[in-house]
Amino acid sequence: MTMPQNRFKARLVSGELQWGLWSSLASPVAAEALSLTGFDWMLFDTEHSPVEIAALQPILQAAATGTASAVTRPAWNDKVLIKRLLDIGVQTLLVPFVETVEEAEAAVRATRYPPDGIRGVAGSTRASRYGMVPDYLQKANAEICVLVQIETAQAMARLEDIAAVEGVDGVFIGPSDLSASMGHLGNPGHPDVQEAIRAAAQRITAAGKVPGILATRAEDALRYRDWGYRFVAAGVDTGLLVGSARALMQAVSGRA
């Protein structure tokens with residue numbers, strides 16, 4: 001049995017534009033259904049959703065039926081959490097709240113087997129197809145994709161240095177937390193925040209890494225694409241669900 005290829009990483013390296021969808025519903029049924037809608041990648045969030053490690057594995061299994069590559073955000077930049085995610089088959093990690101070079105380096109080390117890192121060695125895990133990939137230990141490092149999330153003004157000030165860390169494949173801007181850090185809580189559309197986001201895409205690209213971002217509206221996603229972002233989450237599943245339900249209720253009830 002062969003090593004699973006990380007399609008997301010391969011397309012990231014080639015510079016392709018990849019459209020994504022943010023998923024917080026913590027449901028295998030939702031993950032399977034949404035994976036079939038044509039997105040290139042889906043982010044499964046364990047930071048701001050109630051899903052735990054044991055519940056994540058069936059979500060990943062369900063999502064594997066569709067076109068979307070799985071990206072997972074751990075609850076924190078923690079070597080134990082990262083190890084457990086890798087063992088259940090996660091190949092692409094979006095590591096939250098990275099503010100320094102040292103934190104970026106720690107995230108990379110947590111995903112690599114020795115001597116390149118500190119990832120613990122396990123045998124029959126889902127990652128190695130339960131031990132049936134004979135050369136998994138030799139090939140795993142190359143298939144892991146590390147994305148670091150920049151969410152504060154302090155991290156923005158160190159953006160080039162963080163992006164330059166070896167093993168970091170992409171740099172993801174978090175508009176909501178960034179706007180809060182810049183003094184505009186709840187207003188990522190503020191001109192100062194948007195200018196920082198626009199400039200960040202150029203800075204990340206100039207550093208030789210791939211920029212990514214989350215949008216909650218199609219018009220924002222298209223603007224970010226035009227600014228140079230290459231992996232863009234164009235919406236959040238909970239927002240889409242609630243928005244559609246509210247629109248339906250308003251249509252049938254006549255309520256504004």
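Q: Let's start with strand 8: how many of its residues are buried?
A: This is a predicted model, to begin with. In it, five of the six residues of strand 8 (residues 231–236) are buried, so the strand is mostly covered.

Q: OK, and which way does strand 1 run next to strand 8, parallel or antiparallel?
A: Parallel. Strand 1 (residues 18–23) is joined to strand 8 by four bridges, and Gln18 stands opposite Phe231.

Q: What about strand 7 and strand 8, how many bridges there?
A: Three, and those two strands run parallel as well. Ile213 of that pairing faces Val232 in strand 8.

Q: What do strand 7, helix 11 and strand 8 make together?
A: A right-handed β-α-β unit, with helix 11 covering residues 218–227.

Q: Switching to the largest nonpolar core: which residues touch the most other members?
A: Ile173 and Tyr229, out of 49 residues in that core. Helix 10 gives the most to it, six residues. There's also another core lying apart from it, with 15 residues, including Phe8 and Phe172.

Q: And what does Ile173 touch?
A: Leaving out residues up to four places away in sequence, its contacts include Met156, Ile197, Leu214 and Tyr229.

Q: Back to helix 10, then. Why does Gln202 count as partly exposed?
A: Gln202 lies in that helix, and it counts as partly exposed because its relative accessibility is 48%, while exposed would need over 50%.

Q: Last one: what do the buried residues of helix 3 pack against?
A: Helix 2, strand 2, strand 3 and helix 4. Those buried residues include Ile53, Leu56 and Gln57.

Technical notes:
Residues numbered from 1 in each chain as written. Predicted model: local features only at pLDDT ≥ 70, side-chain atom pairs only at ≥ 80, totals over all residues. Heavy atoms only, no water. Buried < 20%, exposed > 50% of the residue type's maximum accessible area, 1.4 Å probe, protein only. Contact = heavy atoms within 4.5 Å. Core = buried A, V, L, I, M, F, W, Y, C linked by side-chain atoms within 4.5 Å. Pairing = 2+ DSSP bridges. Right-handed = clockwise from strand over helix to strand, strands pointing away.
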